[in-house]
Amino acid sequence: MLQGMQESEPIEQAGAGVPDNFQRLWTPHRMAYIKGENKPVGSGPGDGCPFCEIPELSDEDGLIIARGAAVFAVLNLYPYNSGHLMVCPYRHVADYADLDEAETTELADFTKRALTALRKASGAQGFNVGMNLGDVAGAGIAAHLHQHVVPRWGGDTNFMPVVGHTKVLPQLLRDTRELLAGSWPASA
């Protein structure tokens, strides 16, 4: 026990019960994700697919980092780490095997550019790169393929995600988008 601190019995608080000595980090913005707000209502391109709607927005409003002829790079609204982005084809397609040659080539090129931009902008030391294809594989939006690029740093896993199941992001998404768009290379 720290000097000067006294251990006391928890006091029941009306409506909250007995305190458990845990502090709470409130993240009400996550409720939109938990409740599935803005999740597509069906599997077609006209069924509210955000990856079909985002390209219609300005880069700033859609959090788009870069646009290509067949794909675009966009920040994840529910990131695992700061800078977590996705590379998406414009075409509403669910399976990697269904991409045409131009989409496959540009998706690979944009993934390489994402790695370069994230290293330049944030000094990322490693990456998790991949796709969840299908609902059973964990795809949040299974009807529209998207490749995740998640930057990693030594020590970026701490007690918050491990014990508290909470990520603390030090930068607003709009600021992250601006930083990455400014670091996006003309070619990989």
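Biologist: How many cavities of 30 Å³ or more does the whole structure have?

Modeller: The search finds 1 such cavity, meaning a set of points on a 1 Å grid over the protein atoms alone where a 1.4 Å probe fits but cannot get out. This is a predicted model, where local features need pLDDT of at least 70 and side-chain atom pairs pLDDT 80 or more, while totals for chains, interfaces and linings use all residues. Residues are numbered from 1 along each chain, and side-chain values use heavy atoms, without hydrogens and water.

Biologist: And how much space lies in the largest cavity?

Modeller: About 50 Å³, counted as the space filled by probe spheres set on the points.

Biologist: Which residues lie nearest its centre?

Modeller: They are Pro79, Asn81, Ser82, Gly83 and Leu173, out of 11 lining residues, which have an atom within 4 Å of a point.

Biologist: Now the helices. At what angle do H4 and H6 pack?

Modeller: H4 (residues 101–122) and H6 (residues 173–183) pack at about 115 degrees, with axes 8 Å apart. Therefore H4 is roughly perpendicular to H6, a term for angles of 65 to 115 degrees.

Biologist: Which residues of H4 and H6 make the contact?

Modeller: Ala117, Leu118, Lys120 and Ala121 of H4 meet Leu179, Leu180 and Ser183 of H6, with contact meaning heavy atoms within 4.5 Å.

Technical notes
1 Å grid on protein atoms, 1.4 Å probe; cavity = no way out; pocket = protein on both sides within 12 Å on 5 of 7 lines; lining within 4 Å. Axes fitted to C-alpha atoms, helices over the stretch in contact; angles between N-to-C directions. Helix = DSSP H or I, 4+ residues; strand = E, 2+ residues; numbered from the N terminus. Parallel < 35°, antiparallel > 145°, perpendicular 65-115°, else oblique.
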